Amino acid sequence: MVKTLLINFVYYSPVGHVVEGLKFAKGFYEANKNLEISIIFNKNSPYELAKLCPWIKNVYTIDRREVGIKGIKSKTYLKIPKKWDYIMDNNLIVHQVGDVREDSPERDMVTHFKVSKDLFKAKISRGELYPKINIPKGLKKKIDEKVLFEIPKTNLNFVKKYSHDGKKIGIMLGGSSGLALYPSVKSWIKIIKNINRKYPNCKIYLTGVKKSFKGRTATQAYGEKDINLIKGKFSNIVDCYNIGLFNQIALLKLMDVFISPHTGFAFLASCVDTPWLEIGAGDWSMYLMNKCPFYAVFPDDKKYPHMGGVNNMKFSNKGKIPGMSDTELDKKIPEILSALKLLVEDKISYGKSVEIYKKNVLKEKTSLKLFPKLPY
């Protein structure tokens, strides 16, 4: 007999959190027979990624602002069934919120989880992700199960025009935070110049979203002038901004490697089996591995990762966080090139990637623990 599981995964809107939710769901799917999985996401997140995961039955969305105002009377709840066999709540935000204003995203999400306790009923059992992982009784869950997207043919056909016989290198200059957290234009030009020296026949594909769409995050740290300045320096750069999310994912699948600072968008690369080369610094380290080769370049910053503390820092080095100044990144270029070779030529395994990662964590002597106990 088929049983139903609702995963209540309402959180911040960046794409990486949706991937976390999908990976979390995959662990339940692989561990239980005859289980029908549905999931709730933030309305302002790219929830349509679940369409690329046929093992997700239904996707529901929450208008967190409406919930913050109207609570249980919010119309956003009307479309979601109220009774399930099992419910799993990702209520991390409830334990994160401190003294914040009433109309903040955090308060709205806390309201949602408080409402959820009364609104959604589990006929068999209910679990939660925090303060400790509590799996609903009667269910099992596997850890680190691979999420592999099934990309529509229309999107695969769209990116055929980007095909190239040489190395295909995807780059996202930065994510949705401020420029202080990412390499400068000067640094990117130097990095790309060195990549071209190593692979003179390569193509480099710049991707991102220049403007917010439906309240979602955008890769806004770099303006049109910055992007054009970088493009103007090289004849082998292809502009792939604003081509649509599923086309971007198909483009990632076409790549030999994807290079970026820490950004949730980069989590998508492993979902199409494309290695990620992370230029690390700032708040968060690479933590969602997804059984795909990767390499994390660590900053020379003993306090890395700052775990949300970057906004309270006083920036030096021309307004850059530790590890993202031009001087610091110059030192990292040889390692970036070595990592690039490992990923696109030597084709290292996932296991080898983990082994290198562990050695680098110990060598760099940062505050990063080897592997946090994540539930994904």
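This is a predicted model: local features need pLDDT of at least 70, side-chain atom pairs count only at pLDDT 80 or more; totals for chains, interfaces and linings use all residues.
Residues are numbered from 1 along each chain as its sequence is written, and side-chain values use heavy atoms, with hydrogens and water left out.

The C-alpha trace spans about 60 × 45 × 40 Å along its principal axes. The chain holds 11 helices and 11 strands, taken as DSSP runs (helices H or I, at least four residues; strands E, at least two) and numbered from the N terminus. Of the 376 residues, 56% count as buried (under 20% relative accessible area, 1.4 Å probe, protein chains only). Among contacts (heavy atoms within 4.5 Å) between residues at least 6 apart in sequence, 70% join residues at least 24 apart.

In soluble globular proteins, nonpolar side chains tend to be buried together. A nonpolar core is here a set of buried Ala, Val, Leu, Ile, Met, Phe, Trp, Tyr and Cys residues joined through side-chain atoms within 4.5 Å. The largest has 61 residues, of which Leu22, Leu49, Phe149, Ile249 and Leu268 touch the most other members. Elements giving two or more residues to this core include β1 (3–8), β2 (35–42), α8 (245–254) and α11. Helix α1 gives the most, with 7 residues. Leucine 49 touches Val15, Val18, Val19 and Leu22, among others, not counting residues up to four places away in sequence. A second, separate core of 43 residues includes Ile171, Ile237, Val257 and Ile259.

Helix α10 (residues 326–346) has 21 residues. From first C-alpha to last, α10 reaches 29 Å, close to the 30 Å expected (1.5 Å times one less than its number of residues). The helix bends by about 40° at lysine 332, and proline 334 follows within four residues. The bend is the angle between axes fitted to the seven residues ending there and the seven starting there. Buried residues of α10 include Leu329, Lys332, Ile333, Ile336 and Leu340. Their cover includes β6 (168–171), α6 (185–198), β9 (257–261) and α11 (350–364). After α10 comes lysine 347, whose phi is positive, near 50°.

Definitions and conventions. Buried means under 20% relative accessible area, exposed over 50%, partly exposed in between (1.4 Å probe, protein chains only).
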